[in-house]
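Colleague: I would like to go through a model feature by feature. Please show me how to read each one.

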Amino acid sequence: MILSFILNGQPVQVEAFPHQDLMNTLRDKCNITSVRRGSSHQNSGLSMILMDGLPVPSVLVPSFRAEGSDIVTYEGIVHTEECAAITRTFSSAQVIINPLAYPTLILLVYWAISENQNIDESEIRELLGEIACRGGITSRIISAVQRAQTRYRRQSTAFGAIHG
């Protein structure tokens with residue numbers, strides 16, 4: 001089956017097995033390496049993408065569902081100023097993240113603060129719970145997300161004042 005969709009802002013067409021999980025299609029056909037299978041028995045959150053504006057575990061989506069969709073992965077945001085700001089915030093907070101979980105964590109924080117600028121601590125815990133760390137969400141992670149959110153709000157307000 002030939003699938004057509006938007007991937008990280010670019011139209012793509014790939015040949016894929018319709019019922020193969022989208023994670024494998026993205027990895028094998030589109031060279032997207034940020035999505036991973038964390039466990040063969042459950043979704044660990046490492047396969048997260050943004051599909052039509054919402055976080056979705058690509059390991060649970062059959063490839064045929066990508067037809068006509070707009071898909072964003074870590075590779076699609078990594079060079080944005082927003083991603084750089086999130087990364088700087090996490091670094092300054094000395095947040096230690098499993099390197100395998102890093103792309104998903106950054107993608108989810110990017111989505112959360114750009115879509116919902118007032119995410120609270122319980123929402124952070126719910127959003128990042130499966131992927132942030134095995135011992136649970138640390139106070140450093142929560143603090144870093146909240147700081148990134150505050151910086152994003154300030155930048156958005158300043159941008160709106162200049163261009164509005």
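The dialogue below takes up the sheet, the helix packing and some loop residues.

Modeller: This is a predicted model, in which local features need pLDDT of at least 70, side-chain atom pairs count only at pLDDT 80 or more, and totals for chains, interfaces and linings use all residues. Residues are numbered from 1 along each chain as its sequence is written, and side-chain values use heavy atoms, with hydrogens and water left out.

Colleague: In what order do the 5 strands form the open sheet?

Modeller: Strands of a sheet pair through backbone hydrogen bonds, either parallel or antiparallel. Here the order is β2-β1-β5-β3-β4, with mixed pairing. Strands are DSSP E runs of at least two residues, and helices are H or I runs of at least four, both numbered from the N terminus. Two strands pair if DSSP finds at least two bridges between them.

Colleague: Which strands stand at the edges?

Modeller: β2 (10-15) and β4 (54-57) do. Each has a single partner strand, so one side of each lacks a neighbour in the sheet. On average, neighbouring strands are turned by 40° against each other, direction ignored.

Colleague: How many bridges join β3 to β4?

Modeller: There are 4, and β3 (residues 48-51) and β4 run antiparallel.

Colleague: How do I read α3 against α4?

Modeller: Two packed helices are described by the angle between their axes and the distance between the axes. The axes of α3 (residues 81-92) and α4 (residues 102-115) come within 10 Å and cross at roughly 115°. Axes are lines fitted to C-alpha atoms, for helices over the stretch in contact, with angles from 0 to 180 degrees between N-to-C directions. The two helices are therefore roughly perpendicular (65 to 115 degrees).

Colleague: Which residues make the contact?

Modeller: From α3, they are E82, C83, I86, T87 and F90; from α4, Y102, L105, I106, V109, Y110 and I113. Contact means heavy atoms within 4.5 Å. The residues divide into 9 nonpolar, 1 polar and 1 charged. Ala, Val, Leu, Ile, Met, Phe, Trp, Tyr, Cys and Pro count as nonpolar, Asp, Glu, Lys and Arg as charged, and the others, Gly among them, as polar.

Colleague: Which strands does α4 lie across?

Modeller: α4 lies across β3, β4 and β5 (70-72), at about 30° to β3.

Colleague: Where does N31 lie?

Modeller: N31 is in the loop between α1 (22-30) and β3. N31 has a positive phi of about 60° although it is not a glycine.

Colleague: Is N31 buried or exposed?

Modeller: N31 is exposed, with a relative accessible area of 62% (exposed means over 50%, buried under 20%, partly exposed in between, with a 1.4 Å probe and protein chains only).

Methods
Angles under 35 degrees count as roughly parallel, over 145 as roughly antiparallel, 65 to 115 as roughly perpendicular and the rest as oblique.
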